[in-house]
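Here are my notes on this one, point by point. Have the structure open while you read.

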Amino acid sequence: MNKPRILFVDDSQKVLDGLRRMLHRQRRVWSLDFATSGAEALQLMEQAPYDVVVTDMRMPEMDGAELLLQVADRFPETMRFVLSGYSERESTMRAAECAHQFLSKPCEASVLQG
C-alpha cells in the first residue's frame, strides 16, 4: 500500500523544519515533502501527484489562496488545507472557495495527524 503523499508549503524554512521535526514519526505512514514557495509546490505536483497540500497564506509572489486555487484547478483530487497564523480577509475569502480546512498556527502534531 502506498503512503499518502503530503506537501507542506511555507516561505519560512524554519517553519518547514519545525513541521519536519514535529511529524518525523509520521514518516512511517506518510510521505512528506516541503516547498518554500507556491511555484516550487506546483513544480513538485507536476512531477508526481499529492494526496494533500498544506499551505501558509502569507507568502511572497504567490499567496496561499492563489496556490490553492491553482491546485484545485490543476489537481482537483488533491485535498487542500490552510495552515496559517495570519491571513488577510480578502485572501481568506479566496481560499475559502477551494480549501477543505483551515488550521491555525501554531498547530499541534495531533491536529495534523487527525
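**Notes on the fold and packing**

1. Strands count as paired if DSSP finds at least two bridges between them; strands (E, at least two residues) and helices (H or I, at least four) are DSSP runs, numbered from the N terminus. Across this pairing, Phe8 sits opposite Val54 in E3.

2. Before going on, the ground rules. This is a predicted model, where local features need pLDDT of at least 70 and side-chain atom pairs count only at pLDDT 80 or more, while totals for chains, interfaces and linings use all residues. Residues are numbered from 1 along each chain as its sequence is written, and side-chain values use heavy atoms, with hydrogens and water left out.

3. What is the order of the strands in the open sheet? The 5 strands run E2-E1-E3-E4-E5, with parallel pairing. Strand E2 (31-35) and strand E5 (101-104) are at the edges with a single partner strand each, so one side of each has no neighbour in the sheet. On average, neighbouring strands are turned by 20° against each other, direction ignored. Angles run from 0 to 180 degrees between N-to-C directions, with axes fitted to C-alpha atoms (for helices, over the stretch in contact).

4. Helix H1 (residues 13-22) packs on this sheet and touches E1, E2 and strand E4 (79-84); contact here means heavy atoms within 4.5 Å. The direction of H1 makes about 170° with that of E2.

5. Now the aromatics. Rings of Phe, Tyr and Trp (its six-membered ring) pair if their centres lie within 6.5 Å, with planes under 30 degrees apart called stacked, over 60 edge-to-face and the rest tilted. That rule gives 1 aromatic pair. The ring centres of Phe8 and Phe34 are 5.6 Å apart and the planes are at 15°, so this pair is stacked. Phe8 belongs to strand E1 and Phe34 to strand E2, so the pair ties together parts 26 residues apart in sequence. Both Phe8 and Phe34 are buried (under 20% relative accessible area; exposed is over 50%, partly exposed in between; 1.4 Å probe, protein chains only).

6. Two arginines are worth a look. Arg20 lies over the face of Phe34, 4.2 Å from the ring centre, and Arg5 lies over the face of Tyr50, at 4.0 Å. The criterion is NZ of Lys or CZ of Arg within 6 Å of the ring centre and within 35 degrees of the ring normal.
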